[in-house]
2 protein chains.
Amino acid sequence: MNNHTELENLLEEKHFNLLRKGISEIEPADIAALIEKLSIEKAVLLFRILPKDSEAEVFANLEADTQETLIRRLSDKEISHVIEELFLDDAVDFIEEMPASVAQKVLSHATRETREQINRLLKYPEDSAGSIMTVEYVHLKRSMSVQDAFTKIRKIGPDKETIYTCYVTDPERRIEGVISVKTLLLSEPEQALGDIMDTNLILVHTDTDREEVARLFEKYDFLSLPVVDSERRIVGIITIDDIVDVVQEEATEDFEIMAAMTPSEKPYLKTSVFKLFKNRIGWLVLLMITGMGTGFILQGYEEAFLAVPLLVTFIPMLTDTGGNAGSQSATLIIRGMAVSEISPKDFLKIAWKEARISALAGVVLSIVAFLRVYLLNYGEPDLLAKSLVISLSLIFTVFMAKLAGSMLPILAKRLKIDPAVMAAPLITTIVDTSSLIVFFSIAKILLGHLM
Amino acid sequence: MNNHTELENLLEEKHFNLLRKGISEIEPADIAALIEKLSIEKAVLLFRILPKDSEAEVFANLEADTQETLIRRLSDKEISHVIEELFLDDAVDFIEEMPASVAQKVLSHATRETREQINRLLKYPEDSAGSIMTVEYVHLKRSMSVQDAFTKIRKIGPDKETIYTCYVTDPERRIEGVISVKTLLLSEPEQALGDIMDTNLILVHTDTDREEVARLFEKYDFLSLPVVDSERRIVGIITIDDIVDVVQEEATEDFEIMAAMTPSEKPYLKTSVFKLFKNRIGWLVLLMITGMGTGFILQGYEEAFLAVPLLVTFIPMLTDTGGNAGSQSATLIIRGMAVSEISPKDFLKIAWKEARISALAGVVLSIVAFLRVYLLNYGEPDLLAKSLVISLSLIFTVFMAKLAGSMLPILAKRLKIDPAVMAAPLITTIVDTSSLIVFFSIAKILLGHLM
């Protein structure tokens, strides 16, 4: 039964038995999507008739505001069941999203052990490996046989987020090796884990940046990766399903920064007007003030454009083309560094490449612009010189724009600033000024006799 | 031994035994990275002493151009070993990257079965589920017991890309259920798969878009997903490690389209100057020609700016601010739709939200601009009116920019055009025209007596 309306009708008519049966055939993520659409009364009702073993998974899939309203309606016993059954990384995400009062209420209903584990995880810095790891993994001893390992996995497996990669640790919980269930299945029952485990360990530390963790997953195609503390003791694991989310979130963050915004943590539709305004206004004001600098340049050329008013009509086209040319280069370099295909030490290679590209692009653009200006202003005095002014300015502008666009993100990276800051908006503002200076300088040379 | 130089020295001095030992302790992805750095002679030498069972995995991790040079140096027997040992999805990726002559040579050294499978996979459209699936999965029968299942997994497991999710099929290979190794491990040996398999099936078709597949993985946190043909027969599976790559590639594609480029398939440093030029020039020319339209608008206001030259100095700041305001909104909406947080049917909610944000942003920007223009041009005649012109124009510009920026991507989506096309460059060009019309219209009203 995949039909939402059908389920809603059963709920409406209180056919709880049919409903229970119907729900057991639906993925938790889909049940969560259904609950999002219901009124709060019906949502609580539906949540209460969920099978006990899927309650936590459905809950983890709900939006933060629905989790909050739901928690406010549930009994103490129900809250305590939810928090205990949630995987710890989901529990931490949930607690982080809640207002302090709700978070405290929930934690007060957890067992002491769960509460301590959650609090420990909450302390890791945002965007660190520690903040996305879970502590529910399978650890084994090197002296165990394959058969012992299966016995242990069967016993503790149901509560672990993944059983497919197991970690072999010493008595101090220092990690000694890794062994997959695939290897266990393909080995003889009496073999010792110490003999078959893989000792080429790729580890991350609790404070490793989560983008770096994502890169390791991409490179090695792991299902999970162990997280260790400063003494190489394993403290948790990161699973690949969370990495898909990390990759999406990091890309979204870069999109936002590159469009001159403070990154937002919540989806657009869930963010308040004021918060969205706050994320955008800072850069808008800053770039506007910087952009006014271009005005001063133009004031200096008042005589020139009063003598040749046609020059004014080229300004938007010239600055826009510079902005576009620059942001093309900046985007490729910023993205290339984000996915580690480009490193700052490639800067000479990049500069030489961009120089050649801008030579090609500059020539094509200047020919098109020349023809268009020449043909559309037929009859205008000194037309050849005027067309040449715009044509030559374009070549210089594209060249400067592409060089600035490709080099500034690299410079930012060297200075430990996020390269994404050096994207279209900032490049445009920088390129505006220089392109207008070039433009009017060339105009003065070629059209000086008119000014 | 993680030290590249050390390995290179061993290679130099032909200490092959030490080298073999050293290499067995390194991840295939790292060996591939080392090979990339070697001269072709040394690369071939190192490749030849790799343990036979890691050769294919190392090969799959090499860049396309290194794969090509290597293939040209390998013997027929070596080529045939590589192509047979590669997982089929890696083999297809590799064949796709090769020039036709090399691809043919490689295929001629494959067994007939492998060749047929590769050719079948090559036929699926790019970006479809078929193009990223692998055909190496475990399928079981519903009548099998858990014990039978383990026996089969042990037998065929080594050649399968993942064994952790197994598919239960009928004699026509139509998919009946799915069962994880975790479930198998937690069940009794004599239970029949038909009784314990999960029949809530989430399937994709061979022609499902890979972005849609990625969304399913994100939503349900699967390790793999079955791909079926039009008769519900399973033809392959997609594994989550490939989804991480899909998510990165799709984000990169959007970054490139949003910066007005044709998306490139290869990394920046591996793309030729001419190809990069070709990817960029089309949009640059198109946007330049459109941008010239703004020139015509300005020509119509020649009288106005000749009478009040100060107006010209505001042009770049006004158009840049409009562009920035618009691209902020466009970016959030494009990205929101890409990750399915926003759907076109939310357009009224979005328009109302953006209207309020732009009211706030417009007022703040206009106050800042007013103060700055008023204070910095002290002594200029009619200064109050002139400052008001720029101030009021900003309010209108920001409003139009944010509305166009948020609505155009939605319109594009409705018209089945990629919303990413409606990003900064195009928005800027559109907003330029309308903001200049507003600007000069307001100027004519407030400063008409000067013109």
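1. A quick definition before anything else: two residues are in contact when they have heavy atoms within 4.5 Å. By that rule, and not counting residues up to four places away in sequence, B:Phe440 touches B:Leu298, B:Tyr301, B:Ala304, B:Phe305, B:Leu311 and B:Ile315.

2. Some housekeeping. This is a predicted model, where local features need pLDDT of at least 70 and side-chain atom pairs count only at pLDDT 80 or more, while totals for chains, interfaces and linings use all residues. Residues are numbered from 1 along each chain as its sequence is written, chains are lettered from A and ligands numbered from 1 in the order in which they are written, and side-chain values use heavy atoms, with hydrogens and water left out.

3. On confidence: pLDDT is the predictor's confidence in each residue, from 0 to 100. Chain A averages 90, and 99% of its residues score at least 70. For the model, ipTM is 0.84 and pTM is 0.85.

4. Now the cores. A nonpolar core here is a set of buried Ala, Val, Leu, Ile, Met, Phe, Trp, Tyr and Cys residues joined through side-chain atoms within 4.5 Å; buried means under 20% relative accessible area, exposed over 50%, and partly exposed in between (1.4 Å probe, protein chains only). The largest core has 128 residues, and those with the most contacts inside it are A:Leu311, A:Phe439, A:Phe440, B:Leu311, B:Phe439 and B:Phe440. A second, separate core of 123 residues includes A:Leu88, A:Val106, B:Val82 and B:Ile240.

5. What about the overall form of chain A? Its C-alpha atoms fill a box of roughly 95 × 60 × 40 Å, taken along the principal axes. Buried residues make up 55% of the 451 residues in the chain. Among chain A contacts with a separation of 6 or more, 68% join residues 24 or more positions apart.

6. Finally, a look at A:Arg115. This residue sits in helix H10 (residues 112-122) of chain A, helices being DSSP runs of H or I with at least four residues, numbered from the N terminus. Is A:Arg115 buried or partly exposed? It counts as partly exposed because its relative accessibility is 28%. Leaving aside neighbours within four places in sequence, A:Arg115 is in contact with A:Leu107, A:Ser108 and A:Ala110. Its side chain reaches the backbone oxygen of A:Ala110 at 3.1 Å. A:Gly295 is another matter: 180 residues apart along the chain, its C-alpha atom and that of A:Arg115 are separated by 59 Å.

Terms used: Helices (H or I, at least four residues) and strands (E, at least two) are DSSP runs, numbered from the N terminus. A polar contact is a pair of N or O atoms within 3.5 Å; within protein, one must be able to donate a hydrogen and the other to accept it, and residues adjacent in sequence count only if both atoms are side-chain atoms.
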